Amino acid sequence: MGSIQLSIALVTRDRPEWLRQCLQSWRLQSVQPFEIVVSDDSCDALQTETRQIAEHFGARWIAGPQRGLYANRNRAFRTARGTHIMSADDDHTHPEGFVRTIADAIESDPEAIWTVSERSPNRPTDPLEPPGELRSNGTIGPPENAEDSAAIACGSTVYPRKIFESGLYYNETYRFGGIWYLWGHQLRKAGFRIRHCPETFVWHHTESSRPRQDDLEWLRHQLECNLYVQVNHAFRISRNPVAMLRALRSAERLLLNGGTVLGNNRKVRLRFNQVIRAFVSGSKNPFLRNE
């Protein structure tokens, strides 16, 4: 891989068997990454098992901060030592040649941020779509320009190390939810180019999230975070009247009729204090910079 040192910043929480499958997938690659860092937010009862799995596969285990997904990603980013750092999830596996293809992309443009698509093992022939982008009008869809966008794949994106050396990190206002839509705009505003690598993908095993199906508080938190993202983008980033109107209508719908998230069949209504909190938080600077 020449002068490129690809660190894998892998986050996990309470899913040791999924982590085992994920790490085995990494170690089956013909070209190996420079290092794999496992940042573990698991409960005390599962941390020992998770650490043993990580070390069995030659990964560097660290304890997570226990403050949610984005704080955990930031912990992994800060700990990684490579020239380029790839975000990774414990419910992903990888096709043959994945690391080699990523290395080729980095070599072609080492200053760029590189994203890859997800594919479901249940739909192995689906076309590879680039990650979604939060557009100026408040809608989410494929980026208008996949070679220069604000579209981030939260668990499968490669970043040049200098991003984190400059003090840029994920917003940690919410423990989980669609914060990556703001992160993409933060990176673009800072002058970084986000590109899509269409030559490879990750397998996303979505069945790993089934235990959350009946957790209505988790769903409410997710919906509140997504409203926060919509409000923040509309009123602080795009300042587009159409996007502002969409955010207000979303708040009304979530209060009166409720909503759900992709992959969840349950539906819940947000509480009034959650909507107020999303709007108050959404009026503040969405970008985190640690100097």
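**Close-up views of a predicted model**

View 1. Histidine 84 counts as buried because its relative accessibility is 7% (buried means under 20% relative accessible area, exposed over 50%, and partly exposed in between, with a 1.4 Å probe and protein chains only). The model is predicted: local features need pLDDT of at least 70 and side-chain atom pairs count only at pLDDT 80 or more, whereas totals for chains, interfaces and linings use all residues. Residues are numbered from 1 along each chain as its sequence is written, and side-chain values use heavy atoms, with hydrogens and water left out. Histidine 84 belongs to strand 4, residues 84–89 (helices, H or I with at least four residues, and strands, E with at least two, are DSSP runs numbered from the N terminus). Its side chain makes a polar contact with the side chain of threonine 83 at 3.0 Å, and it also reaches the backbone oxygen of proline 110 at 2.9 Å. A polar contact is a pair of N or O atoms within 3.5 Å; within protein, one must be able to donate a hydrogen and the other to accept it, and residues adjacent in sequence count only if both atoms are side-chain atoms. Leaving aside neighbours within four places in sequence, histidine 84 is in contact with residues including Ile4, Leu6, Ile106, Tyr159 and Arg161 (contact means heavy atoms within 4.5 Å).

View 2. Eight strands form an open sheet of mixed pairing, in the order 3-2-1-4-9-6-11-5 (two strands pair if DSSP finds at least two bridges between them). Strand 3 (60–63) and strand 5 (92–93) are the edge strands, each pairing on one side only. Strand 5 is antiparallel to strand 11 (residues 194–204), with two bridges between them. Histidine 92 stands opposite histidine 204 of strand 11.

**View 3. Strand 6 between its partners.** Of the seven residues in strand 6 (residues 113–119), six are buried. Strand 6 runs parallel to strand 11, joined by six bridges, and isoleucine 113 has isoleucine 194 as its bridge partner there.

**View 4. The largest nonpolar core.** This core has 43 residues, and Tyr159, Ile163, Tyr170, Trp183 and Leu187 have the most contacts inside it. A nonpolar core is a set of buried Ala, Val, Leu, Ile, Met, Phe, Trp, Tyr and Cys residues joined through side-chain atoms within 4.5 Å. Among the elements that give two or more residues to it are strand 1 (6–12), helix 3 (69–79), helix 6 (180–189) and helix 7 (216–238). Helix 7 provides the largest share, nine residues. Not counting residues up to four places away in sequence, tryptophan 183 touches Ile152, Tyr159, Ile163, Phe164, Leu168, Tyr169 and Tyr170. Another core, of 29 residues, lies apart from it and includes Val38, Ala88, Trp114 and Val202.

**View 5. The buried side of helix 9.** In helix 9, the buried residues are Gln274, Val275, Ala278, Ser281 and Gly282. They lie on the same side of helix 9 because they cover an arc of only 135° around the axis (the arc is that of the directions from the helix axis to the C-beta atoms). These buried residues pack against helix 7 and helix 8.
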